[in-house]
Amino acid sequence: MNIVSLLEQRRHGWEELELLCNQMQNRGRTRAKAAGAARFASLYRSACADLALAEAYQLPPATVEYLHRLVGRAHNQLYRSRNFSLARSVDMLVRQAPQRIFADPCVHVCALLFFGLFWLSMLLGMSEQRLPDFPAQVVGQAQLEQMESNFEAELNAGFEHYVMMASFYIRHNTGIGLKCFAYGILIIPCIFTLAYNAVALGTSFGYMARDSTIGGENFFEFVTAHGPFELTAIVLSAAAGLRLGLGLISTTGLCRGDSLKVNAIRAIPVIAAAAVLFFLAAITEGFLSPSPLPYTFKAMWAIMSSGAMTFYFVVLGFPRASIDAT
């Protein structure tokens with residue numbers, strides 16, 4: 001079989017590639033599934049090989065020119081970059097991202113688990129008469145004594161202390177978020193880590209709320225401002241990791257690699273929101289929480305931050321139009 005006959009037999013592949021280019025150009029951007037993208041890439045590579053053969057064997061100029069144009073179109077579609085669009089960015093930030101987070105079942109599960117265990121543990125930790133030993137059994141007596149010692153004195157520190165504490169809390173909070181996110185792909189360790197943090201934090205809050213505890217007022221003055229940011233960020237980190245883990249189990253007909261890719265894309269707005277909240281929590285925890293500013297100011301900051309998160313995740317997140325699942 002000569003080269004001309006071979007290329008003629010492969011003409012149907014050129015026509016399929018041209019059809020895909022037309023479809024992608026009409027839609028304005030590629031929205032193909034993983035299998036479709038793989039087929040497009042395969043046809044593109046075949047067309048490149050056919051062009052090389054056509055030039056090497058000096059086939060008719062019309063055929064060479066057609067393949068040049070086809071390969072160029074396919075290359076532009078495969079490696080095209082989207083220009084920055086302010087309207088598209090704003091739409092992603094204020095509509096698509098909060099709606100995807102609001103509709104994600106992993107966020108619902110992690111929020112219910114964390115905050116349910118947190119408030120339950122806090123109530124149990126406050127029960128000084130009925131459960132006097134509960135905090136020591138959960139957190140440890142040494143840890144409780146350390147907390148009382150840390151908050152025995154009133155909050156008052158210099159600027160150098162605030163800078164040092166801000167950097168410490170950024171590292172510390174990032175570590176918590178990364179641990180919850182990384183364990184998510186294994187599901188059970190993610191749920192355990194989330195539940196453990198909820199119980200430990202809730203019990204600590206409950207213990208420090210007891211009348212007999214030393215430094216309770218200073219403790220709540222310290223945690224009030226950054227608490228909403230930090231607790232919500234922990235939940236979102238676990239939810240993003242859990243989304244990846246479920247992608248390996250519930251594939252909805254896709255191969256596991258494609259399912260993981262789809263769920264990773266769905267987890268991007270969740271983990272991005274968690275990163276922003278962890279950063280805000282660290283800045284607040286480093287500069288505002290330990291400062292000698294009046295408690296009223298810190299409480300108002302907590303109220304405003306909680307209101308802002310409620311507006312973003314609930315008001316903006318409440319579904320108004322269909323959002324692409326990917």
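## Helix 10 against helix 12

A crossing is left-handed if the near helix is turned anticlockwise from the far one by less than a right angle, and right-handed if clockwise. Helix 10 passes helix 12 in a left-handed crossing. The model is predicted; local features need pLDDT of at least 70, side-chain atom pairs pLDDT 80 or more, while totals for chains, interfaces and linings use all residues. Residues are numbered from 1 along each chain as its sequence is written, and side-chain values use heavy atoms, without hydrogens or water.

Helices are DSSP runs (H or I, at least four residues), numbered from the N terminus. C190, L194 and L201 of helix 10 contact (heavy atoms within 4.5 Å) L231, I234, V235, A238 and L242 of helix 12. The contact residues are 8 nonpolar, no polar and no charged. Nonpolar covers Ala, Val, Leu, Ile, Met, Phe, Trp, Tyr, Cys and Pro; Asp, Glu, Lys and Arg are charged, and the others, Gly among them, polar.

## Helix 8

L144, M147 and E148 of helix 8 (residues 141-150) are buried, meaning under 20% relative accessible area (1.4 Å probe, protein chains only). Seen down the axis, the buried residues of helix 8 fall within an arc of 100°, so they line one face. The arc is that of the directions from the helix axis to the C-beta atoms. Their cover includes helix 7 (134-138), helix 10 and helix 11 (216-223).

Definitions and conventions: Helices (H or I, at least four residues) and strands (E, at least two) are DSSP runs, numbered from the N terminus. Buried means under 20% relative accessible area, exposed over 50%, partly exposed in between (1.4 Å probe, protein chains only).
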